[in-house]
Every structure is written in structure tokens, then in C-alpha cells.
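Please consult the sequence and the structure below while reading.

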Amino acid sequence: MQFMLLFSRQGKLRLQKWYVPLSDKEKKKITRELVQTVLARKPKMCSFLEWRDLKIVYKRYASLYFCCAIEDQDNELITLEIIHRYVELLDKYFGSVCELDIIFNFEKAYFILDEFLLGGEVQETSKKNVLKAIEQADLLQEVSKWYFSCLSNSMLCSG
């Protein structure tokens, strides 16, 4: 996978993950072109399209489009499955994920994606293992907050 974009029906970019080195200018150009192209397509049209030298695979869930660019020889159906698995992970974590969850918790959305995909390839196929890693990171974050609040308050904490 070359990159993944999440954007709203209004064309607002909500998440982007690039697995190939490109300049910011090129990323913006690609994003603008793809968002316009995907949003212009009718709902009954195929979720695959050839674009430049890549294949674009996208799927709409509620108000968000999940869009991936893959190499010409890569399998579109597996990419659709990857998108679906990511949505399932987001759903499990947020409890029926919505666009606002992505907006206000983008760091969690990125963390889940990074636990699932590494370098554009599936790193972990088990939803349970990905969610376990997220829970452990959340716990570590909470402990760190508690610890640093104790330090900043210059008081002894017990518990």
C-alpha cells in the first residue's frame, strides 16, 4: 500500500498515512485530486479505479471515505478487507466509530492504524492483539498522567 486517506463527504481530510516518501506539495496535490475523483463517483459505481500508475480502492462507511492506493499487481479485494478490518478495529475501540471520534481522537486512530499496518503491509491480523496493544498504551498513558500530576503537585501519591 502506498497510502491511506480518510475524508468526509464534504472533502475534509481526517487522516492520512503515507508509506512512500513524497513532498508535502505532491501529497496535497494527490489528496486534492483523489478526494475530488472519489466524491464525484456515484454510490453504485465500483470501489476500484485506476489512477496514474496505481489502483485506488475505497469504501464509504457512514460519512467517511476510506481510500487506499495500491500497486498495479496488488489485490483489490484484500485491500477492501484491510479497510474493513481497520473500521472494525475503530468500531471496537470507540464503540461504533463516527467522524467526530476520528477528529477528536486522531492520535488513537493513527495508533490503531500503526498497530495494524506497518510500512503499508498488514502487521497484525488479530483484532484481539491490536486492541490489547491499544489498551496497554492507554493504561501506560493514564499511569504517566497520574505520575506527572503527582510530581507537579509536589505531593506523595499512594495507590
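The lining of the largest pocket comprises 5 nonpolar, 1 polar and 4 charged residues, where Ala, Val, Leu, Ile, Met, Phe, Trp, Tyr, Cys and Pro count as nonpolar, Asp, Glu, Lys and Arg as charged, and the others, Gly among them, as polar. The model is predicted: local features need pLDDT of at least 70 and side-chain atom pairs count only at pLDDT 80 or more, while totals for chains, interfaces and linings use all residues. Residues are numbered from 1 along each chain as its sequence is written, and side-chain values use heavy atoms, with hydrogens and water left out.

**Largest pocket**
- A pocket is an open set of points on a 1 Å grid over the protein atoms alone, where a 1.4 Å probe fits, with protein on both sides within 12 Å along at least five of seven lines; lining residues have an atom within 4 Å of a point.
- The space in the largest pocket is about 180 Å³, a volume being the space filled by probe spheres set on the points, which are joined across faces, edges and corners.
- Its lining consists of Val38, Arg41, Lys42, Pro43, Met45, Ser47, Tyr58, Lys59, Arg60 and Tyr65.
- Strand β4 (residues 54-61) gives the largest share of that lining, 3 residues; strands (E, at least two residues) and helices (H or I, at least four) are DSSP runs, numbered from the N terminus.

**Sheet**
- Five strands form an open sheet in the order β2-β1-β5-β4-β3, with antiparallel pairing; two strands pair if DSSP finds at least two bridges between them.
- The edge strands, β2 (13-18) and β3 (48-51), each pair on one side only.
- Helix α1 (residues 24-40) packs on the sheet and touches β1 (3-8), β2, β3, β4 and β5 (64-70), contact meaning heavy atoms within 4.5 Å.
- Strands β3 and β4 are antiparallel over 4 bridges, and Trp51 has Leu54 in β4 as its bridge partner.

**Strand β5**
- Buried residues, those under 20% relative accessible area (1.4 Å probe, protein chains only), make up 7 of the 7 residues of β5.
- Leu64, Phe66, Cys68 and Ile70 point one way from β5, whereas Tyr65, Cys67 and Ala69 point the other way.
- Strand β5 pairs with β1 in the antiparallel sense over 6 bridges, and Ser8 stands opposite Leu64.
- Strands β4 and β5 run antiparallel, joined by 7 bridges, with Tyr65 as the bridge partner of Arg60.
- The β4-β5 hairpin has 2 residues between its strands, and Ala62 in the turn has a positive phi of about 55°.

Notes. Axes are lines fitted to C-alpha atoms, for helices over the stretch in contact, and angles run from 0 to 180 degrees between N-to-C directions. Buried means under 20% relative accessible area, exposed over 50%, partly exposed in between (1.4 Å probe, protein chains only).
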